[in-house]
Amino acid sequence: MDPDVLIVGAGPSGAIAAKRLAEEGFRVLVLEQGDWPDYSKATVHREDFPLTAGRDWGWDPNVRRAAGDYPIDDSESDITALMWNGVGGGTVVYAAQWQRNMPSDFRVRTLDGVADDWPMTYEDLEPYYVRVERDFGISGLAGDTAFPPGEGPPLPPVPLGPAGKRVAKAHNELGWHWWPAPLAIATRDYGHLKACQQVGTCLQACHYQAKGSADLTHWPRALELGVELRTRARVRELTRRPDGLVGGAVYLDADGNEHEVKAGVTILCANGVGTPRLLLLSDDLANSSGLVGKRLMMHPFGTVVGVFEEDFRAWQGPWGQYIHSLEFYETDASRGFVRGAKWGLQPTGGPFSMTSAYPWGAENEIWGEGFQDAVRGRLGHSIMWGIIAEDLPEESNRVVLDPIGTDEQGVPGAKIEYRLSENSRRLVEFHQQRAQESLLAAGAYTTVVAPFIRATGWHLLGTTVMGTDPNTSVVNPQGRTHDVPNLFIFDGSVWPTSAGMNPTATIAALALRFTEQLIESRRDQRIAA
Amino acid sequence: MNDHRRAQLGAIADELIPAGSGMPSASEAGVAGQYLDEVLAARPDLAEPLERALEGVDGLEGGAAIAKLRTNDPEGWGVITAVVPGAYFLNPAIRAALGYPGLERRPIDPDAPPDYNDDGLLDSVIARGPVYRPTPAD
């Protein structure tokens, strides 16, 4: 029997939709081009882990070239697109920084006169934030003064530790905001998650299964509920029917054999590059607006390191972040740019990381005389602010099909074209200056502004924009494409603006809201019978 | 990797990590010997690019080799600057001298009182009040 719902992509949005639909009795099939994460490669206690981590848990599909990856031509992009193609998606390798968007993020046009408002408010999404925070085992503390009052996450926050406390105290003296970090890191045993061991390798998958990644938080239950998950199933195109509906998809298995699946409803959850790629591969499906692939946003990223006399033993810890600050998140026109950025205070890693060009920069190169003293000076003594900067949507920043490159099975890859705007440059520069002031106020004897690097495109947003007008958007506020009544998009592609936050919390809340709306409207939903 | 290439690597590595602060140089610490073997056992994919990088600077002294790699062979420079510190820090004596125990389990004590409000840290944040712009009325 054909499934009621076909979902493409087993990352967080696909997992949320699959589990929730299965709870309501829908027959769900999920096609995932990659595989399950192999946690046997999370060899965090081996001394050679710094050497193998980048190979086994790398973010760049062009470098990694794993089974589920497709090539992305980034030769015309200031930032490279990073992702994890497999069960759990980006949550397998994310830093677990679980940031809700702020109310102003949904009203950018109204408040700041740029870009677009979202067709929903913070208050509309708030109940779904609460639910996904329970589902992902989020830790943190209610009452953050950067957000409206309401229910907080289910687990207590990670310890601030000496570094977090030092910077928190400095922010109090400066009169600047900070708050214990919200994280998808379990601070207690919770469901399928184990309590965090603070090993600090969140970005290379969690050996201790303490990180709320969708392969752990959602997939076990989804499979128990009867969801069928086919891995190494690379969707080549969606199938169109004469009546204007999508019939399902054609996919290639690991051996290159072609299969067709049919479903009543199809939901794309393939991320901000994969989803538009698939629509473009499907003969420009759902693209009457011409906006499929356009408005790509990837969050320019800044890093500022502070080096202290004090030994924080900061080669590990909850890598996500000790604390966050949203002091400069809201627009202040006097700064010469609009919108803002979120800061997360992080450890800096082990000895190997002390020698790398990022974040330390060419001017602080460590080689030669004094090498050992320099390593000792940095190791454990340094912490850094990671700065997630909002970039505004521009149609010239986009995903297109690669006219040349193909994946292993001959399907065209993606090409991204992305240029940093002047607003983004000013924004990042301002925040780097303030972050230096923060660390100096905390007692750092020196700070380092990391050089700009391209490999920071963890957040892939905006390429099938959501809105109420079919002429200016691809999906409606329910995630349904305007053009095809039984085709939905539930991933970060639908974001009208990017906010300046790590996006998984909002991707998850949106996916749950979309799913509930689909369930609610099931009687009226047109399906490919 | 043959002895010649190892000698080349050792000379380059000693320019990058000379002896100092009571600690041995890279070659003295086994960067071109035992610990190179361990690096390549963990990352056999690095062997070929490393060989290629060294071949490109064959016959040059350590300093001149580095200058050429930086200028003409960014990929080779990247491999060298991964392999050399990678091998150096694999030596347990080096890690001990740095006071680095490796990644340890630091379980969060569920019974420990939270530290986020030590000395009333959060009081002034809360006293300042909201720092967000609320959703505007339609």
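**A helix with two sides**

A: In this predicted model, B:Glu48 and B:Glu55 are exposed on one side of helix 3 of chain B, whereas B:Leu50, B:Ala53 and B:Leu54, which also belong to this helix (residues 47-56), are buried.

As to what lies over the buried residues of helix 3 of chain B, the cover includes helix 1, helix 4 and helix 5 (74-90) of chain B. Two of these covering elements also pack against each other: helix 1 (residues 3-16) of chain B and helix 4 (residues 62-72) of chain B have their axes 8 Å apart and meet at an angle of about 85°. Because angles of 65 to 115 degrees count as roughly perpendicular, helix 1 of chain B and helix 4 of chain B are described as roughly perpendicular to each other. Where they touch, helix 1 of chain B contributes B:Ala11, B:Ile12, B:Asp14 and B:Glu15, and helix 4 of chain B contributes B:Gly62, B:Gly63, B:Ala65 and B:Ile66. Sorted by class, this contact between helix 1 of chain B and helix 4 of chain B comprises four nonpolar, two polar and two charged residues.

How values were computed. Residues numbered from 1 in each chain as written. Chains lettered and ligands numbered in written order. Predicted model: local features only at pLDDT ≥ 70, side-chain atom pairs only at ≥ 80, totals over all residues. Axes fitted to C-alpha atoms, helices over the stretch in contact; angles between N-to-C directions. Helix = DSSP H or I, 4+ residues; strand = E, 2+ residues; numbered from the N terminus. Parallel < 35°, antiparallel > 145°, perpendicular 65-115°, else oblique. Contact = placed C-beta atoms within 7 Å. Nonpolar A, V, L, I, M, F, W, Y, C, P; charged D, E, K, R; others polar. Buried ≥ 20, exposed ≤ 12 C-beta atoms within 10 Å, placed from the backbone.
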